[in-house]
Amino acid sequence: IPLGPLHNPANLMGIRACQAVMPKTPQVAVFDTAFHMTMPPKAYRYAIPTEYFENDDIRRYGFHGTSHKYIARRAAELYGSKEFKLVNCHLGNGSSLSAVKDGKCQDTSMGLSPLAGVPMGTRSGDIDACVVQFICNKYGMSVDDCLNMLNKKSGVLALSGVSSDFRDLEEGKAKGDENCILALQKFFYEVAKYVGSYAAALNGIDMLTFTAGVGENGPDARAAICEYLGFMGVKIDPEKNNVRGKETLISTPDSKVQVWVIPTNEELMIAQDTAELVKAAQ
């Protein structure tokens with residue numbers, strides 16, 4: 001509960017209520033962090049005193065794991081092998097990336113909380129921790145209030161001054177709104193940086209996938225991100241990329257990396273995990 005104060009108590013309440021009225025029915029909890037538990041220590045440990053890891057479990061956990069797991073499985077089917085290297089971009093109002101090798105997560109952009117990683121709809125993403133200290137000291141703000149600002153009043157909402165909805169930002173861009181243009185450019189830039197760093201971490205990748213609201217429905221976003229990745233041999237076909245919400249290979253035949261749009265299906269993944277666990281328990 002200390003690590004997930006908003007979500008864990010409510011979910012435990014639901015489980016206990018079901019146990020009270022259905023005592024013999026199996027209860028399954030599917031954690032959004034589970035897929036990331038294969039990360040090695042070099043990826044999940046923070047460079048802070050060990051006592052905070054040992055006593056308080058402070059480490060990188062990652063989120064959107066149910067989506068990343070679904071995409072990793074579907075990508076393996078499309079690639080035709082379980083032995084391949086993938087970077088998955090789950091891009092939406094909340095965004096995270098994962099580096100996957102042979103179906104197992106090696107690294108992910110969110111951390112102890114979903115605040116880490118790339119800028120999002122209202123979340124700042126990665127920032128210098130001293131920004132919190134500076135704002136708190138100058139404006140007499142509590143740490144909790146500052147984190148509330150970083151979670152709910154930052155990201156592309158703050159940069160654009162218009163909206164946290166990427167569709168609104170695209171409209172603003174079309175009208176020449178410089179703040180909307182900056183917000184989009186910042187988002188594309190940071191996503192591309194993560195893709196590049198994960199390609200280095202995996203020593204090259206075979207597949208790049210886009211999923212979630214922006215990933216599935218944003219051809220302009222995908223094109224802008226992939227423009228940064230020419231050094232990796234990424235080439236996308238503009239006509240194939242002109243797709244929304246449909247599973248499609250959008251890279252060219254001579255691209256060194258396969259680039260796919262794959263709609264996520266977290267509900268199916270949860271159902272499959274539940275069926276697997278209940279069957280194993282019988």
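## Basis of the model

The structure is a predicted model, in which local features need pLDDT of at least 70 and side-chain atom pairs count only at pLDDT 80 or more, while totals for chains, interfaces and linings use all residues. Residues are numbered from 1 along each chain as its sequence is written, and side-chain values use heavy atoms, with hydrogens and water left out.

## Overall build

The secondary structure comes to 13 helices and six strands, where helices (H or I, at least four residues) and strands (E, at least two) are DSSP runs numbered from the N terminus. The radius of gyration, taken over C-alpha atoms, is 20 Å, close to the 19 Å that the globule rule gives for 282 residues, so the protein is as compact as a globular protein of that length; the globule rule is 2.2 Å times the number of residues to the power 0.38.

Along the principal axes, the C-alpha atoms fill a box of roughly 55 × 55 × 35 Å. Of the 282 residues, 42% count as buried, a term that means under 20% relative accessible area, with exposed meaning over 50% and partly exposed in between (1.4 Å probe, protein chains only).

## Salt bridges within helices

Eight salt bridges are found in the whole structure, each being a side-chain nitrogen of Lys or Arg within 4 Å of a carboxyl oxygen of Asp or Glu. In helix H9 (residues 178–201), Glu190 and Lys186 lie four residues apart, about one turn of the helix, and their side chains meet in a salt bridge at 2.7 Å, N to O. Glu190 is buried, with a relative accessible area of 12%, whereas Lys186 is partly exposed at 33%.

Helix H4 (residues 65–79) holds Arg74 and Glu77, three residues apart, and the side chains of these two residues meet in a salt bridge at 2.7 Å, N to O. Arg74 counts as partly exposed at 23% relative accessibility, while Glu77 counts as exposed at 54%.

## A negative surface patch

Glu51, Glu54, Asp56 and Asp57 form a negative surface patch. Patches are made of residues with over 30% relative accessible area and no salt bridge, with like charges joined within 9 Å and nonpolar side chains (Val, Leu, Ile, Met, Phe, Trp, Tyr) within 5 Å.

Note on methods
Areas by Shrake-Rupley, 256 points an atom, 1.4 Å probe, with all protein chains shown as cover. Lys, Arg positive; Asp, Glu negative; His and termini not counted. Charge placed at Lys NZ, Arg CZ, Asp CG, Glu CD.
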